[in-house]
Amino acid sequence: SDLSGNVWEWVWDWYQSNYEALPATDPIGPTTGASRVLRGGAWDDTAADARVAQRSYLTPTFRDYNLGFRIVRSNP
C-alpha cells in the first residue's frame with residue numbers, strides 16, 4: 001500500500017484475537033466488540049511494523065497523533 005507507515009489505519013472490523021480462524025480471503029470478524037482493528041503501522045514505528053499485514057487493536061474512543069483512517073466507497 002502506498003500509505004504504509006504514515007499512520008495506523010482504523011478499519012471497520014471489530015477485533016477478534018483468533019484471527020487465524022477467519023477465512024483467508026476477506027475475513028470478517030465479529031459483529032460487535034470492544035476494540036476495532038488497526039492496520040499498517042505509523043511513521044514512529046519500526047520498519048517491521050510499517051506493513052499492511054501488521055495488525056493491532058484499540059478501543060474506538062482512543063485518539064493519538066499516529067492514528068488515522070481512509071475514506072473509501074464502492075464503485076457504482
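In what order do the four strands of the open sheet line up? In this predicted model, the order is β3-β2-β1-β4.

**View 1. The open sheet, strand by strand.** Here we look at the four strands, whose pairing is mixed. On the edges sit β3, covering 55-58, and β4, covering 67-68.

**View 2. Zooming in on β1 and β2.** Strand β1 takes in residues 8-14, and strand β2 takes in residues 36-39. The two pair in the antiparallel sense, with three bridges between them. Look for Glu 9 here: across from it, in β2, stands Arg 39.

**View 3. The second largest pocket.** This pocket has a volume of about 170 Å³. Its lining is made up of Glu 9, Trp 10, Val 11, Trp 12, Arg 36, Phe 69 and Arg 70. Strand β1 supplies the largest share of the lining, four residues. Sorted by class, the lining has four nonpolar and three charged residues, with no polar ones.

**View 4. Ala 47, out in a loop.** Ala 47 is found in the loop that lies between β2 and β3. Is Ala 47 buried or exposed? Ala 47 counts as exposed because its relative accessibility is 70%, and the cut-off for exposed is over 50%. Asp 64 is 17 residues away from Ala 47 along the chain, and 20 Å separates their C-alpha atoms.

Notes
Residues are numbered from 1 along each chain as its sequence is written. This is a predicted model: local features need pLDDT of at least 70, side-chain atom pairs count only at pLDDT 80 or more; totals for chains, interfaces and linings use all residues. Side-chain values use heavy atoms; hydrogens and water are left out. Two strands pair if DSSP finds at least two bridges between them. On a 1 Å grid over the protein atoms alone, a cavity is a set of points where a 1.4 Å probe fits but cannot get out, and a pocket is an open set with protein on both sides within 12 Å along at least five of seven lines; lining residues have an atom within 4 Å of a point. Grid points are joined across faces, edges and corners, and a volume is the space filled by probe spheres set on the points. Ala, Val, Leu, Ile, Met, Phe, Trp, Tyr, Cys and Pro count as nonpolar, Asp, Glu, Lys and Arg as charged, and the others, Gly among them, as polar. Buried means under 20% relative accessible area, exposed over 50%, partly exposed in between (1.4 Å probe, protein chains only).
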